[in-house]
Amino acid sequence: MPAADTYLQASTDQAGQLRIATKDGREIVPKKEAGQVGFDKAAISPDGRSVGWSALYPNCCTSYPIPLKLVIYASGRVRTFAEGLPVWQWCFVAGGKQVAFFQETVHGGRGTRHELREVVTGRLIAVYEPAPEPDTDLRGVPKWLCKADAKQ
């Protein structure tokens, strides 16, 4: 396994390509997966050891691509989470050791899923699937959920 990199910047260029800058001056340019049309919400973990982003894919029923996967890159390894429902929000937690994300149908209201996972192994730590009712009781909401106004 390669030595742990420290990441300083993650941004999308004018051509829509994600570029990651490392502390030692290297640039990492992740490849798009088959069918992927873009990158969104790129962020570096608080410890600088991981970079994450939403992978955007075309959708038949919207005029915009949707974030179908959450991708985490660390030390030359790529880990993909959340295939299926779109990933509308995500964030690093526990100083970058974990990642939390929120999935929901494209137009909402048909079920949501929150997951907390370990970044290095991908191990599922917790799942929260609230009832699809508008007046859901918030008393059981886990603290690790990404907040809607959280900076990504």
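Trainee: Where is Gln17 found?
Mentor: Gln17 is in the loop between β1 and β2. Strands here are DSSP runs (E, at least two residues) and helices are runs of H or I with at least four residues, numbered from the N terminus. Keep in mind that this is a predicted model: local features need pLDDT of at least 70, side-chain atom pairs count only at pLDDT 80 or more, and totals for chains, interfaces and linings use all residues. Residues are numbered from 1 along each chain as its sequence is written, and side-chain values use heavy atoms, with hydrogens and water left out.

Trainee: Is Gln17 buried or exposed?
Mentor: Gln17 has a relative accessible area of 18%, so Gln17 counts as buried. The cut-offs are under 20% for buried, over 50% for exposed and partly exposed in between, with a 1.4 Å probe and protein chains only.

Trainee: What does the side chain of Gln17 reach?
Mentor: The backbone oxygen of Pro30, at 2.6 Å. Beyond the neighbours within four places in sequence, Gln17 is in contact (heavy atoms within 4.5 Å) with Ser11, Thr12, Val29, Pro30 and Phe39.

Trainee: OK, on to the strands around that loop. What order does the sheet with β1 and β2 have?
Mentor: That open sheet has 3 strands in the order β1-β2-β3, with antiparallel pairing. Its edge strands are β1 (7–12) and β3 (27–28), each pairing on one side only. Pairing requires that DSSP finds at least two bridges between two strands.

Trainee: And how many bridges between β1 and β2?
Mentor: β1 and β2 (residues 18–22) pair over 5 bridges, in the antiparallel sense. As an example, Ala10 has Ile20 in β2 as its bridge partner.

Trainee: What about Ala21, which strand is that in?
Mentor: Ala21 is in β2. With a relative accessible area of 27%, Ala21 is partly exposed. Leaving aside neighbours within four places in sequence, Ala21 contacts Thr6, Tyr7, Leu8, Gln9 and Arg26.

Trainee: Which residue does Glu27 pair with in a salt bridge?
Mentor: Arg19, with the closest N and O atoms 3.0 Å apart. Arg19 is at 30% relative accessibility, so Arg19 counts as partly exposed.

Trainee: How many salt bridges does the structure hold?
Mentor: The structure holds 9. Have a look at Glu115 and Arg117 too: their closest N and O atoms are 2.6 Å apart, and both residues are buried. A network of salt bridges links Arg113, Glu115, Arg117 and Glu129.

Trainee: Nice. Which strands pair in that region?
Mentor: β10 (residues 112–118) and β11 (residues 124–128) pair in the antiparallel sense over 4 bridges. His114 stands opposite Tyr128 in β11. The two strands form a hairpin with 5 residues between them, and Gly122 in the turn has a positive phi of about 80°.

Trainee: Changing topic, what is the order in the sheet of 4 strands?
Mentor: β4-β5-β6-β7, an open sheet with antiparallel pairing. β4 (38–44) and β7 (77–81) are the edge strands, each pairing on one side only. β6 (residues 66–74) and β7 pair over 5 bridges in the antiparallel sense, and Ile72 has Arg79 in β7 as its bridge partner.

Trainee: Last one: how many helices and strands in the chain?
Mentor: The protein chain has 0 helices and 11 strands. Buried residues make up 40% of its 152 residues. Among contacts with a separation of 6 or more, 30% are between residues 24 or more positions apart.

How values were computed. Salt bridge = Lys/Arg side-chain N within 4 Å of Asp/Glu carboxyl O. Polar contact = N/O pair within 3.5 Å; in protein donor to acceptor, adjacent residues only side chain to side chain.
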